[in-house]
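Visitor: Hi! I'm new to this one and would like a friendly walk through it. Can we look at it together?

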Amino acid sequence: MKRKLVFATNNAHKLEEVREVVGDSFDILSLKDIGCHEDIEEPGETLQENALIKARYVKEKYGYDCFGDDTGLEVDALNGAPGIYSARYAGGDHDAKANMRKLLKELDGMANRKARFRTVIALILDGEEYLFEGKIEGIIITEEKGSAGFGYDPVFLPDGYAQTFAELGTEVKNEISHRALATKALCEFLKKN
């Protein structure tokens, strides 16, 4: 019987990405699967803090071994912004298009467009806490390209590629992305334990 782990997210895109990376190794449950319909607040000041807050919430309230993540887009010319505010950059309603428009407007005319996506996963397993990180470097292009993916994918061009995350498609993104790298580190740890 496969071990069950709860992924502390309501984001269907993230859940799908993680399930694809994990494959058949584990049964990944969503918050909805365990009857958790709350929007878990993320008052932390770092990706690590927010990931731990989510995982601890599920463990304390529902008792499941679980993991939470937080992801941020960090743009050099904006001193690391939007960072932990990436999902709500243009306001509190998680509007990806509005977030991208704001980002492109703030970078308009700037030569330095270096950026990175970082994901931190916090795992609570058998009462112990563990952290895993994935990072991918790239640049923010000047206009949206591609229709796959979500969030900032249409404007993020990963180093070494001629297409944005949104143009590369799910299969390639799930091999190279920040979330994929953090999830692979999580999976390797789980397989050993």
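**A walk through the model**

Guide: Let's begin with Thr71, which lies in strand 3. Strands (E, at least two residues) and helices (H or I, at least four) are DSSP runs, numbered from the N terminus. Bear in mind that this is a predicted model, where local features need pLDDT of at least 70 and side-chain atom pairs count only at pLDDT 80 or more, while totals for chains, interfaces and linings use all residues. Residues are numbered from 1 along each chain as its sequence is written, and side-chain values use heavy atoms, with hydrogens and water left out.

Visitor: Okay! Is Thr71 buried or exposed?

Guide: Thr71 counts as buried, because its relative accessibility is 14%. Buried means under 20% relative accessible area, exposed means over 50%, and partly exposed is in between (1.4 Å probe, protein chains only).

Visitor: And what does the side chain of Thr71 make a polar contact with?

Guide: One partner is the side chain of Thr119, at 2.7 Å. Another polar contact, of 3.3 Å, joins the side chains of Thr71 and Arg179. A polar contact is a pair of N or O atoms within 3.5 Å; within protein, one must be able to donate a hydrogen and the other to accept it, and residues adjacent in sequence count only if both atoms are side-chain atoms.

Visitor: Which residues does Thr71 touch?

Guide: Not counting residues up to four places away in sequence, Thr71 touches Leu47, Gly83, Ser86, Phe117, Arg118, Thr119, His178 and Arg179. Contact here means heavy atoms within 4.5 Å.

Visitor: Leu47 is in that list. Which residues of helix 2 are buried?

Guide: Leu47 is one of them, along with Asn50, Ala51, Leu52, Lys54, Ala55 and Val58. These buried residues of helix 2 pack against strand 1 (4-7), helix 1, strand 3, strand 5 and strand 6.

Visitor: How many residues does helix 2 have, and how far does it reach?

Guide: Helix 2 has 16 residues and reaches 23 Å from its first C-alpha to its last, close to the 22 Å expected at 1.5 Å a residue. The expected span is 1.5 Å times one less than the number of residues. After helix 2 comes Gly63, with a positive phi near 85°.

Visitor: Let's move on to helix 3. What caps its N-terminal end?

Guide: Asp95 does, with a side-chain oxygen 3.1 Å from the backbone nitrogen of Lys97. The buried residues of helix 3 are Ala98, Asn99, Met100, Leu103, Leu104 and Leu107. What covers them includes strand 3 (66-75), strand 4 (82-83) and strand 6 (128-140). Helix 3 is followed by Gly109, whose phi is also positive, near 85°.

Visitor: How far apart are the end C-alpha atoms of helix 4?

Guide: They are only 10 Å apart, although helix 4 has 12 residues; a straight helix would reach 16 Å at 1.5 Å a residue. Buried in helix 4 are Phe165, Ala166, Leu168, Gly169, Lys173, Asn174 and Ile176. Their cover includes helix 1 (12-22), strand 5 (114-125), strand 6, strand 7 (156-158) and helix 5.

Visitor: At what angle do the axes of helix 4 and helix 5 cross?

Guide: The axes of helix 4 (residues 165-176) and helix 5 (residues 178-192) cross at roughly 10° and come within 8 Å. The two helices are therefore roughly parallel to each other. Angles under 35 degrees count as roughly parallel, over 145 as roughly antiparallel, 65 to 115 as roughly perpendicular and the rest as oblique. Axes are lines fitted to C-alpha atoms, for helices over the stretch in contact, and angles run from 0 to 180 degrees between N-to-C directions.

Visitor: Which residues make that contact?

Guide: Helix 4 brings Phe165, Lys173, Asn174, Glu175 and Ile176, and helix 5 brings His178, Ala180, Leu181 and Lys184.

Visitor: New topic: what kind of peptide bond joins Ala81 and Pro82?

Guide: A cis peptide bond, with omega about 0°. Pro82 is placed in strand 4. Most residues other than glycine have a negative phi, and most peptide bonds are trans.

Visitor: Which way does phi go at Asn79, positive or negative?

Guide: Positive, about 55°, although Asn79 is not a glycine. Asn79 lies in the loop between strand 3 and strand 4, and it is exposed, with a relative accessible area of 76%.

Visitor: And where does Asp126 lie?

Guide: Asp126 is in the loop between strand 5 and strand 6. Its phi is positive, about 50°, although it is not a glycine, and Asp126 is exposed at 56% relative accessible area.
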